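This report looks at charged pairs, at one helix and at the nonpolar residues packed around it. The structure is shown first, and the description follows.

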Amino acid sequence: RLQGDWSSDVCSSDLLKFSQGHIPNARHLPLSELARRSNELEKFKERPIILCCASGARSASAIGTLKKAGFEKLYNLRGGLFEWEKAGQPISRKRK
């Protein structure tokens, strides 16, 4: 179970792929749009943010982008959605 206050799926710019499976309550924020849209996360700046992608590689890159924008409490979900699902954790198919 995620312990952070907010999670973001940065794995793909494809909303269809996001709707095929993501961590419940995650928000779709594509890596390619993250720098431009980081202001959407401003209200979460002082709270933990968990970033996730399919494997953990893109979310690691997203952490670098958000650190440059002044975010500090950032966490990369190790192994990404692949390991999350493999561990039997819940997957949502709702669009957000």
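In this predicted model, E33 forms a salt bridge with R36, in which the closest N and O atoms are 3.6 Å apart. E33 also forms a salt bridge with R37, and there the closest N and O atoms are 2.7 Å apart. Side chains of opposite charge can pair in this way when their charged atoms come close. The structure holds 5 salt bridges, and the table lists some of them, including one between E83 and K86.

| Salt bridge | N to O distance |
|---|---|
| E33 and R36 | 3.6 Å |
| E33 and R37 | 2.7 Å |
| E83 and K86 | 3.8 Å |

E33 counts as partly exposed because its relative accessibility is 23%, and R36, at 62% relative accessibility, counts as exposed. R37, by contrast, has a relative accessible area of 17% and is therefore buried, the cut-off for that class being under 20%. E33, R36 and R37 are joined by E40 in a network of salt bridges.

R37 lies in helix 2, and its side chain makes a polar contact of 2.7 Å with the side chain of E33. When its neighbours within four places in sequence are left aside, R37 is in contact with H28, L29 and P30.

The pair E83 and K86 belongs to helix 4 (residues 80-86), where the two residues stand 3 residues apart, about one turn of the helix. E83 is partly exposed, with a relative accessible area of 32%, while K86 is exposed, with a relative accessibility of 61%.

Helix 3 spans residues 57-68, and its 12 residues reach 18 Å from the first C-alpha to the last, which is close to the 16 Å expected at 1.5 Å a residue. Its buried residues are S59, A62, I63 and L66. Seen down the axis of helix 3, these buried residues fall within an arc of 110°, so they line one face of the helix. The face turned away from that buried side carries the exposed residues A57 and K68. Among the elements that cover the buried residues of helix 3 are helix 2 (34-37), strand 3 (49-52) and strand 4 (74-76). Just after helix 3, G70 takes a positive phi of about 95°.

In soluble globular proteins, nonpolar side chains tend to be buried together. Here the largest nonpolar core has 11 residues, namely L29, L34, L41, F44, I49, L51, A62, I63, L66, F71 and L74. Strand 3 and helix 3 each supply at least two residues of this core, and its largest share, 3 residues, comes from helix 3. I63, one of the core residues, touches L51, L74, Y75 and N76, not counting residues up to four places away in sequence. Another core lies apart from this one; it has 8 residues, among them I23, A26, L77 and W84.

Taken together, these descriptions meet at a few residues. L29 is in contact with R37 and is also a member of the largest nonpolar core.

Terms used:
Residues are numbered from 1 along each chain as its sequence is written. This is a predicted model: local features need pLDDT of at least 70, side-chain atom pairs count only at pLDDT 80 or more; totals for chains, interfaces and linings use all residues. Side-chain values use heavy atoms; hydrogens and water are left out. Helices (H or I, at least four residues) and strands (E, at least two) are DSSP runs, numbered from the N terminus. The expected span of a helix is 1.5 Å times one less than its number of residues. Buried means under 20% relative accessible area, exposed over 50%, partly exposed in between (1.4 Å probe, protein chains only). The arc is that of the directions from the helix axis to the C-beta atoms. Contact means heavy atoms within 4.5 Å. A salt bridge is a side-chain nitrogen of Lys or Arg within 4 Å of a carboxyl oxygen of Asp or Glu. A polar contact is a pair of N or O atoms within 3.5 Å; within protein, one must be able to donate a hydrogen and the other to accept it, and residues adjacent in sequence count only if both atoms are side-chain atoms. A nonpolar core is a set of buried Ala, Val, Leu, Ile, Met, Phe, Trp, Tyr and Cys residues joined through side-chain atoms within 4.5 Å.
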